[in-house]
Amino acid sequence: MCGIAGFSNPGEQYHRKKESWIKVLDDMNRIQKHRGPDDEGTYLDDECGLAHVRLSIIDLKNGHQPMIRQKDRKGCAVIFNGEIYNMKSLRNELERKGAKFQTTSDTEVILVGYMRYGAAFVEKLNGIFSIAIWDGALKKLYLFRDRLGVKPLFYTMKRNTLVFSSELKGLFQYPGVEPVIDREGLGEVFGLGPAKSYGKGVFQGIREVLPGHLIEYGKEGWKDHAYWKLEAKPHEDSVKETIEKTSWLVHDAVRMQMLSDIPICTFLSGGVDSSLVTSICAKTLKKEGKQLDTFSFDFQNNHQYFQANSFQPSEDRPWVEKMVTYSGTNHTFLECGNMDLISDLYRAVDARDLPCMADVESSMLYFCSLVAKSHKVTLTGECADEIFGGYPWFHKKECFEADNFPWSMDMEPRKMLLRDDILKMIDLESYSREAYQKTIDETPKLYGEDSTESRRREISYLNLRWFMVTLLDRMDRTSMYSGLEARVPFADHRIVEYLYNVPWKIKCLNGEAKGLLRAAGKEDLPPEVLYRRKSPYPKTYDPDYERMLSEELRRVMAKGEAPINQLTDKKKVEKFLESPKDYGKPWYGQLMAGPQMTAYLLQVNYWLEHYKIRLNL
């Protein structure tokens, strides 16, 4: 994985002030250096500048970027963040057509493929990626993003200059691009956060390349193309065929994503998703005489304070131990303390450039920093619940029938702490509902499908476009902040395409949540793990943590100049801090309840202060 950034203007002559523009590119690299600590490079043409920092995974010696080749006696340059898992088959195809390669990197496969097929080559890629290609012969810049938005890519227009970056902070290194939040931005933060609207960058004037899209920019102007869209199709496979194909797809995705010139590891929670990925990896490596390294996460003394509820019915450790014994992995149990959890709330904002999933995110950041000390590549079980229908909102009647996001139906916790004038200025309920309705209207439907199955598609599509992307953003930023590449086999677009059209009675086989996935994985897991009831990512239940959070927020708000005071009502906040927190009624997802609201406000304050954000209300 890497970090990319750059700019292009069809009317510029960047070489006239080469030193100053190279400095801008160097600044863009510096601010994203955590994404690529192993190498860096820049490239400047008359109308385009490219910057790249590299985390070396494939072809450690020869994969330097920007990678440049000659096309029609002009430079053709690529910078790339991600991995192309089918690079070997693509390389063989290109070689049969006469292509010559100088490296074994997937970056060169992208560049040579583009030079032969043009921008349509992106349709052949199986991977996670954000890519920028400057075609000096056509004088065009192309930006590509993977189908499901695993890898980030933001952009903005400054006069006639297109500026882009893997992370938001990279854009702010370009002269004149400033962090400004308007009413729409506050709607994103308080009405939708920690999610955000796809295509939007929250900051005023900043956008993101949509998943499955490419942008081209040149003297003819700016064009946005969708090269991939999810389609609704009849499902014609029998139950047996569906199980067999699902099993093959999952196994193939995991094995493809084991591609690496350095050792890999997996995150193991003891749930069916991460356990299945771990089992497949462990069996594959065992055939090569190798042992898989695995890591699990928890909080200090959590066994003492754990509170089982409908969202989180059990602790992970006993299940992790079962899987370690079953798969024979070399396992490390990692724990996070209260002080690390609170201090990393702010580092998590640095990583995401936005308020995020509070301690759900800061803990992942902390754990990734520990894993990164010994590994550069990990595989995770993320995305299975969104794709196979594992979350409660796929099953609960009130969620199924809700006229809003089913993981965030009650807006009152979001509104209860804000000043009255802010609430009058921004109608959070309307903002959220409009965003929800936009996605409902876009949902691919199958003609003639009954209303219940049609609603299932809506819930699935909402999850793919919103909840899954929020978790993918969390995984990308928290891992890449320490130079760790996290891969997500369940987000293989082939799995998503197939499962989107599998009827619910097969997805929920035998009335069991994720019954299809369990049936597909029955040869890979012990029965007790295979049918474990879902328990999400762990969080702390230590009352000292809640107390420390409250003290921290009081200390922050006691400062008259604290930016959060412009948005929140001190009396409302104090009443909230004094009331008991209900862990069983989250305001976002399954994990973000009362303590996470306190932590979220701390993140918002730090974000406004640290990024020197100007409010334009």
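Start by selecting the space of the second largest cavity, which has a volume of about 120 Å³. A cavity here is a set of points on a 1 Å grid over the protein atoms alone where a 1.4 Å probe fits but cannot get out, and lining residues have an atom within 4 Å of a point. Grid points are joined across faces, edges and corners, and a volume is the space filled by probe spheres set on the points.

Before going further, note that this is a predicted model, in which local features need pLDDT of at least 70, side-chain atom pairs count only at pLDDT 80 or more, and totals for chains, interfaces and linings use all residues. Residues are numbered from 1 along each chain as its sequence is written, and side-chain values use heavy atoms, with hydrogens and water left out.

**Around the second largest cavity**

Now show the 15 lining residues; Pro194, Ala195, Lys196, Val202 and Leu354 lie nearest the centre. Helix H5 (183-192) and H17 each give at least two residues to this lining. Helices (H or I, at least four residues) and strands (E, at least two) are DSSP runs, numbered from the N terminus. By class, the lining has 9 nonpolar, 1 polar and 5 charged residues. Ala, Val, Leu, Ile, Met, Phe, Trp, Tyr, Cys and Pro count as nonpolar, Asp, Glu, Lys and Arg as charged, and the others, Gly among them, as polar.

Stay on Pro194, in the loop between H5 and strand E11 (206-208). A cis peptide bond joins Gly193 to Pro194, with omega about 5 degrees.

**On to the largest cavity**

Next, select Ser269, Glu382, Lys534, Pro536 and Tyr537, which lie nearest the centre of the largest cavity among its 39 lining residues. This cavity holds about 600 Å³ of space. Which helix supplies the largest share of its lining? That is H17, with 4 residues. Helix H7 (272-287), strand E15 (293-299), helix H11 (358-371) and helix H12 (384-388) are among the elements that each supply at least two. The lining divides by class into 20 nonpolar, 8 polar and 11 charged residues. In total, the model has 11 cavities of 30 Å³ or more.

Colour H17 (residues 451-480) and helix H16 (residues 428-442): they pack at an angle of about 120 degrees, with their axes 9 Å apart. Axes are lines fitted to C-alpha atoms, for helices over the stretch in contact, and angles run from 0 to 180 degrees between N-to-C directions. H16 and H17 are therefore oblique to each other; angles under 35 degrees count as roughly parallel, over 145 as roughly antiparallel, 65 to 115 as roughly perpendicular and the rest as oblique. Their contact (heavy atoms within 4.5 Å) includes Tyr436 and Ile440 of H16 and Tyr461 and Trp466 of H17.

Now bring in H11, whose axis comes within 8 Å of that of H17 and crosses at roughly 40 degrees. This pair is therefore oblique as well. Val360, Glu361, Met364, Leu365 and Cys368 of H11 meet Arg474, Met475, Arg477, Thr478 and Ser479 of H17.

**Two last stops in the loops**

Most residues other than glycine have a negative phi, and most peptide bonds are trans. Select Pro66, in the loop between strand E3 (48-54) and strand E4 (67-71); a cis peptide bond joins Gln65 and Pro66, with omega about 0 degrees. Finish at Arg159, between strand E8 (154-158) and strand E9 (161-165), where phi is near 55 degrees, a positive value in a residue other than glycine.

Technical notes
1 Å grid on protein atoms, 1.4 Å probe; cavity = no way out; pocket = protein on both sides within 12 Å on 5 of 7 lines; lining within 4 Å.
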